[in-house]
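This briefing is meant for a reader meeting the structure for the first time. It begins with a term, then turns to confidence and to the packing of helices.

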Amino acid sequence: MKKMILVGLPIIIFSVVGFRYFDSSSSFTKSVNSLHIDDIAPSEKPKKEVSQTSALVNSIPSDNVIQFNDNDIRDIESWSAEHVASPDFQESDYSSYDETTLLKMAESGNVFAMKTLWFRYLNQVDTDNSDKMNDMVTNAIIHGDREMLIHMPSLTAAQSAFLNNTLDEKERKTAMIEVLAHSEFMALRGAIMEKFTQQKIFFRIYLDNQNPIKLSEGDKDLIRHRAQEIYKTYENKRIEAGLGFFNNEIPEGIKKLSELQRKSYLEELGDNAI
């Protein structure tokens with residue numbers, strides 16, 4: 001059996017409202033006139049089976065040349081089942097654990113416990129939990145998680161810097177390179193579709209028709225180099241924790257799905273594609 005994929009993997013769900021990002025210097029969520037992150041997806045889902053068929057698997061369109069076999073479909077279904085939306089934090093058994101128990105589980109390397117704590121801290125809007133949240137994000141990434149990459153503290157700082165209206169042109173370009181380098185790092189970690197999503201959103205938000213962003217080959221080289229530095233920073237922390245090198249492998253079905261999304265990425269970004 002061969003099937004075709006019509007839509008991309010919804011690792012995070014965006015709506016055109018405002019891009020929410022988390023500032024390490026404040027206890028509240030800031031909103032900018034861009035896109036709004038509605039759901040966060042953990043990579044581990046305890047004691048809960050997904051019974052319904054993934055929305056990723058659809059009937060074969062006549063004009064699609066990328067084919068997916070049974071193994072590819074299973075890869076995508078399994079991947080989709082492991083990437084659940086934020087309400088699942090509340091539905092899982094982990095939601096009943098107190099903070100001390102979750103912290104002990106997180107210290108032992110339980111990534112879902114780290115994400116549960118992060119989500120719990122996020123919802124304590126009257127408390128400044130930014131340092132605790134950053135610790136959970138960093139530890140999850142060090143332990144191999146990909147879904148928390150969009151919440152990297154250094155990415156948040158770069159986004160904040162880019163939105164600073166007091167920056168001169170050179171400083172703003174440096175901040176732009178830093179933001180885009182983080183999405184390139186995501187691709188190095190195997191989150192290729194996340195790279196496409198993040199970069200398309202970036203240019204949709206900040207494309208100024210009067211003064212459009214145009215990346216030079218030199219800019220792209222800087223972005224790639226910075227992405228490698230970010231990668232080494234996290235991998236060194238991982239090695240120091242005794243976890244070894246990152247495993248960046250992704251299932252074959254997800255590779256094909258990424259290639260399907262690459263086409264729209266290249267078409268939309270044109271010369272700005274990295």
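A crossing of two helices is called left-handed if the near helix is turned anticlockwise from the far one by less than a right angle, and right-handed if clockwise. In this predicted model, α3 passes α4 in a left-handed crossing, whereas the crossing of α7 with α9 is right-handed.

**Confidence**
- The average pLDDT of the chain is 76, and 70% of the residues score at least 70.
- Over residues 1-53 the pLDDT stays under 50, although the model has 170 contacts beyond four places in sequence for this stretch.
- Residues 58-62 also have a pLDDT that stays under 50, with 11 contacts beyond four places in sequence.
- Where pLDDT is low, the predicted coordinates should not be read in detail.

**Helices α3 and α4**
- Helix α3, residues 99-107, and helix α4, residues 111-122, have axes that come within 8 Å and cross at roughly 140°, and the two are therefore oblique to each other.
- On the α3 side the contact is made by Glu99, Leu102, Leu103, Met105 and Ala106, while α4 contributes Ala113, Met114, Thr116, Leu117, Arg120 and Tyr121.
- Sorted by class, this contact of α3 with α4 has 8 nonpolar, 1 polar and 2 charged residues.

**Helices α7 and α9**
- Helix α7, residues 169-188, packs with helix α9, residues 217-240, at an angle of about 60°, their axes being 7 Å apart, which makes α7 oblique to α9.
- Among the residues that meet here are Ile177, Leu180 and Phe185 in α7, and Leu222, Ile223 and Tyr231 in α9.
- By class, the contact of α7 with α9 comprises 11 nonpolar, 2 polar and 5 charged residues.

Methods: Residues are numbered from 1 along each chain as its sequence is written. This is a predicted model: local features need pLDDT of at least 70, side-chain atom pairs count only at pLDDT 80 or more; totals for chains, interfaces and linings use all residues. Side-chain values use heavy atoms; hydrogens and water are left out. Axes are lines fitted to C-alpha atoms, for helices over the stretch in contact, and angles run from 0 to 180 degrees between N-to-C directions. Helices (H or I, at least four residues) and strands (E, at least two) are DSSP runs, numbered from the N terminus. Angles under 35 degrees count as roughly parallel, over 145 as roughly antiparallel, 65 to 115 as roughly perpendicular and the rest as oblique. Contact means heavy atoms within 4.5 Å. Ala, Val, Leu, Ile, Met, Phe, Trp, Tyr, Cys and Pro count as nonpolar, Asp, Glu, Lys and Arg as charged, and the others, Gly among them, as polar. pLDDT is the predictor's confidence in each residue, from 0 to 100.
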